[in-house]
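Please read the numbered points with the model in view.

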Amino acid sequence: MTPHTPSPDDHTTGAGAAGTGGGASAGLAEFTLDLTSQEVLRRAQMIEALGPHWNPIEVLHGEEVAHDLLYSGLDPQQQHLYDSLVTAGILPHRNHGHAAP
């Protein structure tokens with residue numbers, strides 16, 4: 001990749017500058033980001049922020065309990081709508097059995 005040295009013509013000012021045409025794309029420069037290293041850093045910082053007491057199994061269990069509570073006690077019309085959304089793939093199908101304790 002070659003560096004881009006901006007010329008005075010590359011810069012535009014004012015609110016209407018974008019619509020002036022005449023080589024507006026000449027001021028663009030190609031660049032590449034290494035998202036892999038950024039993603040590794042982001043994940044490491046996220047795990048550090050969660051701390052040593054974070055328990056993913058407990059969090060998932062809490063989400064299941066919240067989901068069950070949210071969709072409990074539906075009247076017949078609500079249940080029909082819920083079932084339709086599951087069948088359409090809008091809401092995930094849930095078995096009420098648990099794969100993990």
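1. The model is predicted, and the remarks below should be read accordingly.

2. Which residue does the side chain of Arg42 meet in a salt bridge? The partner is Glu39, at 2.8 Å from N to O. Both residues belong to helix 1 and are three residues apart, about one turn of the helix. Glu39 has a relative accessibility of 28%, so it too counts as partly exposed.

3. Glu39 also forms a salt bridge with the side chain of Arg43, again with an N to O distance of 2.8 Å. Here the spacing is four residues, about one turn of the helix, and both residues lie in helix 1. Through these shared partners, Glu39, Arg42 and Arg43 are joined into one network of salt bridges. A search of the whole structure finds two salt bridges.

4. Helix 1, which covers residues 35-50, also contributes to a nonpolar patch; its share, three residues, is the largest. With a relative accessibility of 46%, Ile47 counts as partly exposed, because the limit for exposed is over 50%.

5. The next point concerns aromatic rings. A pair of such rings is described by the distance of the centres and the angle of the planes. How many aromatic pairs does a search of the whole structure find? The search finds one. In this pair, the ring centres of Tyr71 and Tyr82 are 4.7 Å apart and the planes stand at 40°, so the arrangement is classed as tilted. That class holds the angles left over once planes under 30 degrees apart are counted as stacked and those over 60 as edge-to-face.

6. The two tyrosines link distant parts of the chain, 11 residues apart. Tyr71 is placed in the loop between helix 2 (56-70) and helix 3 (76-87), whereas Tyr82 is in helix 3.

Conventions
Residues are numbered from 1 along each chain as its sequence is written. This is a predicted model: local features need pLDDT of at least 70, side-chain atom pairs count only at pLDDT 80 or more; totals for chains, interfaces and linings use all residues. Side-chain values use heavy atoms; hydrogens and water are left out. Buried means under 20% relative accessible area, exposed over 50%, partly exposed in between (1.4 Å probe, protein chains only). A salt bridge is a side-chain nitrogen of Lys or Arg within 4 Å of a carboxyl oxygen of Asp or Glu. Rings of Phe, Tyr and Trp (its six-membered ring) pair if their centres lie within 6.5 Å; planes under 30 degrees apart count as stacked, over 60 as edge-to-face and the rest as tilted.
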